[in-house]
Amino acid sequence: MFIARCRTPLRSGLFTFSQKSVYIKRQQSQLVAQNSTSNDDYTEIPQYPPIHDLSFRPRKERESQNWHEEIMKVPTVEEKMIKINMPRYYGYKVVDLHDRCLPYNCLPALQHYTRTVFEKMSSKVSDEILENQVEIVRADIQDAIETACDCFRLKYPISSELDLIERDQLLSQTIVEQINRALINVLAADYQHLQEVEVDYNPRHEAFWAVGGIKPPRNIVKSKEGHKWQKEFAKDPVDRLMQYRGSPLLALRHRFQLAPWKEETEIENPKLAEKLPRYELDPVTLGFTKSYRHGTNTAGYWPSNLPGFGYLSYQSRAVMQIRPASYGADDFKDALHAQAIQSGFAWLLAQANYNGFNTYSELTYPMNSQTIVTNGRSWSFYEYQLNTLLTNSNQIDRNPKVNYCRGTEELNLYEAIDENGKIKGFNDLVLRHLIKFYTKIPNIQRSAAELQPYLNAQIKRIADYADDEKRDFLDKTYKYLASNRSRHLELPEIYLWEKIYKIDNKTRPLEARRRFFELNINPWRRTLDQHQKEYIPKVLRPEGPKSKKKWKPTYYP
């Protein structure tokens, strides 16, 4: 009931109020228009709301785009990573990429996954300055290699008992550390940036990204074909989530970036992007494995640690010791290139993530790194330039940008070590490449707004939050995700007898339905925030022991 008040005029010209009961239906109610003098409500050109296509594919694309924009608006680096992992409590189903698994003919597939164009780099290096430095450094490098080999013999006198990969890994680790120490000691006097580099030994490099344009597996095709309205979408390409995990022998990083070696006109090249190798089959067909993990991006240090730009990394090629000879010499070379591509892309992607970019937020400037793949005796030199991160869904076809990698052929630093521990057949060409990599000066400096456009201007890391409770919660959540430890409660399991007597054969109709599959609950769809909150004891409650706020708040993005 709506009670209206109306004014009744009197003889004296005054008004008095009288109440009358007036019944107005909700359907007949109207909003009284108010006079507005603001000109903000009027425009010279009519502005109409956008007309959206409500069919299935465009609707799904808009949902994905909205989620990508939500990730982009998250203020800090760690919260962006938490936001990406929010849909899965037990982790995503990812394709495992690492240096110990390089299947036969994997180069085209990894070029597709990383959107990389490979170019050959000349092995010959000629420069007067380099020649003078080679003369100065040669003796120190030879002494470093001989010292490393002697140390290895003393530490492992019976090296034949070691596994082939383990032996090669240990020897190359010792040689690389000694060579790095010798080069920095000799060249640091003339090159200031070598005094500022941070050296990481066996750092943890991880990268997470999505790749589109892959044919769906058979079970998804059959599932969609079983529904009439999804039959036409049954063979649409799907995204595959990639998780790289690696640990280089040694990595150097600096506070400034290396200069790009590709021009802006070469970064955006639609014709070249169309000619990129495509591997549309499931990665399992090549020999890659799958697992359930949280997506992690780790560049060998925490996001708040500086310096934050990769300069040079040494990758071990120990896995080549057990590569079958039947694969051929050409595939052996391609495997080295593939290892350099995936390690260079993953390291730069993790660094880009620390600046606010990810697989759903495009990179706004190029990033460069240098990679050496070696076992101490054989060396391959590579340079990688990261120009784009968008490889998901339709971006695999629409994105005009490509990444570049260039590398040399395999070169031997020395022929052999004789019985007296002396080097035979030292190769100055490899030393020239080493000096060239170490003397390249990182000189690219960017403003904070250009360097981190998708991060908050004041709060870029969770350490910048003034609220202690929020900072501690986000720090624990991020580091728990980065550790990839298993949950305290294991994933629910369907036991074999349940599969036989409850799912395949309905033989227990009177039994109470309490199991998750009987209640139509998919445990893999559980989100990151679906858990019991932490209890606050009465003594510790900020509003007193009688406060009803007995659960700690959560601060998920």
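This briefing covers confidence, aromatic pairs, nonpolar cores and cysteines in one protein structure.

The structure is a predicted model, in which local features need pLDDT of at least 70, side-chain atom pairs count only at pLDDT 80 or more, and totals for chains, interfaces and linings use all residues. Residues are numbered from 1 along each chain as its sequence is written, and side-chain values use heavy atoms, with hydrogens and water left out.

**Confidence**

- pLDDT is the predictor's confidence in each residue, from 0 to 100.
- Its mean over the protein is 90, and 93% of the residues reach 70 or more.
- Over residues 1-24, pLDDT stays under 50. The model has 27 contacts beyond four places in sequence for this stretch; contact means heavy atoms within 4.5 Å.

**Aromatic pairs**

- The whole structure contains 24 aromatic pairs. Rings of Phe, Tyr and Trp (its six-membered ring) pair if their centres lie within 6.5 Å; planes under 30 degrees apart count as stacked, over 60 as edge-to-face and the rest as tilted.
- Tryptophan 209 and phenylalanine 345 have ring centres 4.9 Å apart and planes at 65 degrees, so they pair edge-to-face.
- Tryptophan 209 sits in strand E6 (residues 205-214) and phenylalanine 345 in helix H10 (residues 329-353), so the pair ties together parts 136 residues apart in sequence. Helices (H or I, at least four residues) and strands (E, at least two) are DSSP runs, numbered from the N terminus.
- Both tryptophan 209 and phenylalanine 345 are buried. Buried means under 20% relative accessible area, exposed over 50%, partly exposed in between (1.4 Å probe, protein chains only).
- Tyrosine 301 and tyrosine 354 also pair edge-to-face, at 5.4 Å centre to centre with 75 degrees between the planes.
- Tyrosine 301 is in the loop between strand E10 (298-299) and strand E11 (309-316), and tyrosine 354 is in the loop between H10 and strand E12 (367-374), 53 residues apart.
- Tyrosine 301 is buried at 7% relative accessible area, and tyrosine 354 is buried at 3%.
- One aromatic cluster is formed by Tyr89, Tyr90, Tyr292 and Trp524.

**Charges over rings**

- A charge sits over a ring if NZ of Lys or CZ of Arg is within 6 Å of the ring centre and within 35 degrees of the ring normal.
- Arginine 406 lies over the face of tryptophan 261, 4.1 Å from the ring centre.
- Arginine 526 lies over the face of tyrosine 89, 3.8 Å from the ring centre.

**Nonpolar cores**

- A nonpolar core is a set of buried Ala, Val, Leu, Ile, Met, Phe, Trp, Tyr and Cys residues joined through side-chain atoms within 4.5 Å.
- The largest core has 45 residues, and Ile145, Tyr314 and Tyr438 have the most contacts inside it.
- H4 gives this core its largest share, nine residues.
- Leucine 312 is in strand E11 and is buried, with a relative accessible area of 0%.

**Cysteines**

- The structure holds zero disulfides; a disulfide is a pair of cysteine sulfur atoms within 2.5 Å.
- For cysteine 106, the nearest cysteine sulfur is that of cysteine 101, 8.1 Å away.
- Cysteine 106 is buried, with a relative accessible area of 2%.
- The sulfur of cysteine 405 is 13 Å from the closest cysteine sulfur, in cysteine 106, too far for a bond.
- Cysteine 405 is buried at 0% relative accessibility.
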